[in-house]
Amino acid sequence: MLHPPPESWSPAAPAQRARKEPAGPWHSEAACRRDEAGLFFAPSREPTAHRLSREQAAKAVCARCPVLLACREHALDQPEPYGVWGGLTAAERRVVLGRRRRREATEATPPVGRIA
C-alpha cells in the first residue's frame with residue numbers, strides 16, 4: 001500500500017465504520033463479517049511475503065461472498081484507500097479506477113474530424 005493508515009487506525013476500525021455507514025443492506029450479507037478484520041487490512045510495516053499471503057486469504061473469503069460486486073463498487077465509489085474490498089487490493093482498485101477514468105474520458109471526447 002502506498003500510504004500508511006492513519007495513526008488512529010486499528011484493524012477493527014473499518015468494520016466499525018462499515019456498521020455505522022448507511023451504505024446499503026449488502027453489509028449484512030458480507031462473508032467478511034464472520035472473519036477477522038486483520039485479514040483484510042495490513043498491520044504497519046508488514047513484510048511483503050506476509051502481506052501477499054494475507055491478501056490471498058482475504059481474496060479467498062471475497063471469492064465466496066454473495067455481495068462481492070456491491071462491496072467492490074462501494075470501495076471504488078468511496079474510494080477506500082486501504083485493505084481488500086470486493087476481492088481487490090488498494091493497488092488493484094487504483095488500476096481499475098484509472099482504467100475507468102481513461103474509458104470515460106475517451107467516451108466523452110468527440111471523434112476528431114467529424115462534422116456534426
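Predicted model: local features only at pLDDT ≥ 70, side-chain atom pairs only at ≥ 80, totals over all residues.
The chain is built from 5 helices and has 0 strands.

**The big picture**

- Read from the N terminus, the elements go α-α-α-α-α.
- The chain has 116 residues, and 31% of them count as buried.
- If you take the contacts between residues at least 6 apart in sequence, 52% of them join residues at least 24 apart.

**The largest nonpolar core**

- The largest nonpolar core is made of 15 residues.
- Trp 26, Phe 40, Phe 41, Cys 65, Val 67, Val 84 and Trp 85 are the ones with the most contacts inside this core.
- Helix H3 (48–63) and helix H4 (68–77) each bring in at least two of the core's residues.
- H3 gives the most to this core, with 3 residues.
- Let's zoom in on Phe 40: leaving aside residues up to four places away in sequence, Phe 40 touches Cys 32, Asp 35, Arg 54, Ala 58, Val 61, Cys 62, Gly 83 and Val 84.

**Where H4 meets H5**

- H4 packs against helix H5 (residues 90–108) at an angle of about 75°, and their axes are 10 Å apart.
- Angles of 65 to 115 degrees count as roughly perpendicular, so that's the label for how H4 and H5 sit relative to each other.
- On the H4 side, the residues that meet H5 are Glu 73, Ala 75 and Leu 76.
- Their partners in H5 are Arg 93, Val 96, Leu 97 and Arg 100.
- Sort the residues of this contact by type and you get 4 nonpolar, no polar and 3 charged.

**A glycine in the loop**

- Gly 86 lies in the loop between H4 and H5.
- Is Gly 86 buried or exposed? Its relative accessibility is 2%, so Gly 86 counts as buried, since the cut-off for buried is under 20%.
- Which residues does Gly 86 touch, not counting those up to four places away in sequence? They are Cys 62, Leu 68, Cys 71 and Arg 72.
- Gly 86 and Ala 30 are 56 residues apart in sequence, while in space they are 9.7 Å apart, going from C-alpha to C-alpha.
- Cys 62 turns up on two contact lists here: the one for Phe 40 and the one for Gly 86.

Notes:
Residues numbered from 1 in each chain as written. Heavy atoms only, no water. Core = buried A, V, L, I, M, F, W, Y, C linked by side-chain atoms within 4.5 Å. Buried < 20%, exposed > 50% of the residue type's maximum accessible area, 1.4 Å probe, protein only. Helix = DSSP H or I, 4+ residues; strand = E, 2+ residues; numbered from the N terminus. Contact = heavy atoms within 4.5 Å. Axes fitted to C-alpha atoms, helices over the stretch in contact; angles between N-to-C directions. Parallel < 35°, antiparallel > 145°, perpendicular 65-115°, else oblique. Nonpolar A, V, L, I, M, F, W, Y, C, P; charged D, E, K, R; others polar.
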